[in-house]
There are 2 protein chains.
Amino acid sequence: MQCIESIKEFGGYLNRYRHDSAACHCEMTFSVYLPPQAETGRVPALYWLSGLTCTDENARVKAGAQRYAAEHGIALVFPDTSPRGDDVAGVAERYDLGKGAGFYVNATQPPWATHYQMYTYVSEELPALLEANLPLLPGVKSVSGHSMGGHGALICALKDPAGYKSVSAFAPICHPMESSWGQGCFTAYLGDDTQAWQAYDATFLVEAGARVADILIDQGTEDEFYAGKQLLPETFQAACARAGQAVTLRMQDGYDHSYHFIATFIGEHIAYHARALKGS
Amino acid sequence: MQCIESIKEFGGYLNRYRHDSAACHCEMTFSVYLPPQAETGRVPALYWLSGLTCTDENARVKAGAQRYAAEHGIALVFPDTSPRGDDVAGVAERYDLGKGAGFYVNATQPPWATHYQMYTYVSEELPALLEANLPLLPGVKSVSGHSMGGHGALICALKDPAGYKSVSAFAPICHPMESSWGQGCFTAYLGDDTQAWQAYDATFLVEAGARVADILIDQGTEDEFYAGKQLLPETFQAACARAGQAVTLRMQDGYDHSYHFIATFIGEHIAYHARALKGS
């Protein structure tokens with residue numbers, strides 16, 4: 001991996017890297033914030049999975065997370081949301097399929113399967129790469145994300161409970177099999193057989209017995225995609241209640257789907273992850 | 001003025017407005033963050049003047065200032081950096097003249113003089129408009145800014161010491177008469193006679209006797225425009241020392257010119273302004 005940019009922030013460094021991804025078969029770009037504590041020792045990492053249309057850039061600029069990461073001594077990892085490049089399949093006129101919309105699944109269908117292996121990329125390839133090359137504590141990681149990335153965070157933790165110390169999400173797509181965004185991408189990436197979709201649906205995973213210690217979710221009440229039934233947090237909450245899975249769903253009055261909502265509550269999420277990451 | 005967007009953040013509201021500017025003879029867009037305290041009473045205001053290429057959007061998204069404004073109960077005002085619109089003179093191929101580069105002066109030369117009246121706009125028209133229409137404490141305002149906007153903040157305070165409770169700046173253009181950015185804009189907006197430039201040059205104003213209670217400046221040591229002698233903070237510091245003007249210039253080791261630098265120190269600046277604004 002090659003460092004292509006390094007910017008000092010809150011006493012640490014916000015770095016950007018490029019590398020050849022084995023999982024995605026293309027060059028990928030990501031960012032990592034290394035807090036000041038990483039200069040003298042290894043630190044735990046919080047993976048942040050972004051939403052539709054984002055790259056690694058959005059959250060690092062808009063979320064205001066670096067301040068809290070520096071306070072707690074936690075690295076932030078910002079992957080891209082899909083494979084990129086001229087060789088990679090995409091749909092230029094759509095923001096909700098293809099580039100910028102990888103949905104954190106391993107695609108099985110042409111033309112997507114060649115590059116769209118985002119689940120393996122964010123949950124295996126990237127952690128292994130970073131733990132080998134940066135001052136991170138091996139295996140001490142948590143995950144959070146927004147919207148499509150909130151879905152990604154939930155499935156990463158539910159599919160690999162031992163791999164993450166904690167999980168949280170902002171306005172996640174909790175039940176993609178029942179949202180039009182999820183249905184569109186899952187049909188393209190995974191095919192028409194909805195049984196293949198279940199492995200990437202947080203609500204289904206909880207119903208099927210997956211368990212993590214706790215889940216924190218913030219959802220704005222004025223979120224247009226919540227109103228549009230793309231997110232379905234209550235459906236997930238009900239599934240958790242039936243299954244005995246602990247979840248804290250906080251309905252945040254008056255907040256929308258934007259990074260201004262995330263900025264408001266990211267400090268509480270990072271404190272939540274810090275407790276789990278530091279306890280390890 | 002018409003509110004065109006309102007987003008809840010940190011318990012308050014980040015609003016965007018459009019209005020017909022009498023000073024600039026065109027429609028102007030600006031943003032205001034109203035902290036939660038503004039729901040029950042009038043609050044003081046910090047005007048933030050942005051740098052080259054910016055609109056009202058950059059700082060409200062990237063600076064991370066709203067958190068601190070909510071803590072201290074201070075409104076943030078984000079004006080645009082120039083007049084806008086098809087009728088407004090501009091130079092499409094230049095980022096450092098015309099649209100996005102108003103330099104907070106009142107232009108006297110054609111074709112700029114018709115619309116480029118940014119000094120009057122940010123220091124008179126906008127405060128009067130906002131104090132009449134929003135829950136702001138009349139006359140209780142401070143000013144800060146970045147780069148070209150840091151220059152703007154310094155000259156606003158030095159030209160009207162009674163108008164501002166405090167002033168600070170990030171990487172300001174301290175002596176535009178001696179920077180190529182400033183020379184380019186001042187020649188275009190104010191003409192070839194450099195005597196006309198002096199009214200908008202912070203270093204000259206201090207040398208000529210202008211006084212404010214205190215000035216706080218942060219400057220990153222790895223700032224490419226500092227290295228390129230566009231900013232000249234030491235020249236300003238020396239002029240202040242000769243004139244007996246208090247100034248605190250903090251050279252911040254390793255920081256660049258970006259909003260990541262601003263985000264790191266904006267909390268200290270807002271606390272600095274809060275002390276002055278609350279003391280009034």
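I looked up A:Gly220 and found its bridge partner in β9(A) to be A:Gln252. The model is predicted, so local features need pLDDT of at least 70, side-chain atom pairs count only at pLDDT 80 or more, and totals for chains, interfaces and linings use all residues. Residues are numbered from 1 along each chain as its sequence is written, chains are lettered from A and ligands numbered from 1 in the order written, and side-chain values use heavy atoms, without hydrogens and water.

I traced the open sheet next: its 3 strands run in the order β7-β8-β9 (chain A), with parallel pairing. Pairing takes at least two DSSP bridges between strands; strands are DSSP runs of E with at least two residues, helices runs of H or I with at least four, numbered from the N terminus. β7 (168-170) and β9 (248-252) of chain A are the edge strands, each pairing on one side only. β8 (residues 216-220) and β9 of chain A share 5 bridges.

I then checked helix α5 (residues 180-190) of chain A, whose buried residues include A:Trp181, A:Phe186 and A:Leu190. Buried means under 20% relative accessible area, exposed over 50%, partly exposed in between (1.4 Å probe, protein chains only). A:Gly191 follows α5(A) and has a positive phi, near 95°.
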